[in-house]
Amino acid sequence: MVNGTKEKRDERAAMSARGLITGEDGRQRCAWHGNLEDYRRYHDEEWGRPVTDDRRLFEKICLEGFQSGLSWLTILRKRESFRSAFSGFDFDAVAEFGEADIERCLADPGIVRHRGKIVSTINNARRAKELRSEFGSLAAYFWAHEPDGSERPEVVDYETLIANPTTPASVRISKDLKKRGWTFVGPTTVYAFMQAMGLVNDHLEGCFCREGIEEMRRQFARPTT
């Protein structure tokens with residue numbers, strides 16, 4: 001019995017070192033959600049699934065900017081408050097925000113009250129409208145930057161992801177967005193956005209979600225307008 005318990009501990013430690021964790025349902029998952037219920041649900045039901053909805057794309061890139069210096073779990077647990085504060089991330093509406101809206105957001109305890117990030121969201125809403133006018137949609141713009149197989153690792157494992165918080169594609173997108181006047185869109189922020197919105201599949205080898213996401217991406221019709 002002692003040996004069995006030790007073997008289980010050793011197995012859990014080995015899996016954690018590989019970036020995987022086993023849930024109460026017996027499934028292996030990427031370990032970053034820590035088996036917290038809401039974080040696990042986000043991992044299982046949202047993270048990495050291809051997204052074409054412009055509001056969700058805009059929301060995510062803005063929230064990744066708010067995350068800078070914080071954890072994604074902090075932002076996730078405030079997401080509904082962010083949606084309320086920023087008109088459901090309807091960027092046509094947010095683009096019309098003025099000083100009164102900035103002060104309203106700064107007084108809202110449900111969000112991260114950082115003036116620079118609030119102002120950035122309003123600025124980026126205006127830049128999003130410009131991007132939509134040029135490309136037809138935010139989805140068409142971002143998916144046009146999806147990296148091809150030559151830029152992807154042969155094996156998506158914990159060591160690879162830890163060693164590569166940015167990628168050539170995220171650097172390219174970041175540079176282009178900054179040229180277009182976007183803010184809080186550094187390469188690390190952009191890569192986290194790419195991972196979450198399904199432009200890449202970074203569920204680790206061994207995570208039960210990985211193959212399902214791969215199938216979604218095989219069936220996914222890339223937007224062109």
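Trainee: Which domains does the domain assignment of the protein give?
Mentor: The assignment gives domain 1 (2-33) and domain 2 (46-219); such bounds come from an automatic or database domain assignment. Please note that this is a predicted model, in which local features need pLDDT of at least 70, side-chain atom pairs count only at pLDDT 80 or more, and totals for chains, interfaces and linings use all residues. Residues are numbered from 1 along each chain as its sequence is written, and side-chain values use heavy atoms, with hydrogens and water left out.

Trainee: What makes the area between domain 1 and domain 2 a buried area?
Mentor: Buried area is the accessible area (1.4 Å probe) that two parts lose on being put together, summed over both. For domain 1 and domain 2 this comes to about 760 Å², with 71% of it on carbon and sulfur atoms. Strand E2 (residues 28-30) supplies the largest share of the side of domain 1 that touches domain 2, three residues; helices (H or I, at least four residues) and strands (E, at least two) are DSSP runs, numbered from the N terminus.

Trainee: How many salt bridges are counted between domain 1 and domain 2?
Mentor: The count there is zero, although the structure holds 23 salt bridges.

Trainee: Why is the meeting of Arg83 and Glu59 called a salt bridge?
Mentor: The term requires a side-chain nitrogen of Lys or Arg within 4 Å of a carboxyl oxygen of Asp or Glu. The N to O distance for Arg83 and Glu59 is 2.7 Å, so the pair qualifies. Arg83 is in helix H5 and Glu59 in helix H3, 24 residues apart.

Trainee: What makes Phe66 and Phe82 a tilted aromatic pair?
Mentor: Rings of Phe, Tyr and Trp (its six-membered ring) pair if their centres lie within 6.5 Å; planes under 30 degrees apart count as stacked, over 60 as edge-to-face and the rest as tilted. Here the centres are 4.7 Å apart and the planes form 55 degrees, therefore the pair is tilted. Phe66 lies in helix H3 (residues 54-67) and Phe82 in helix H5 (residues 79-85), so the pair ties together parts that are 16 residues apart in sequence.
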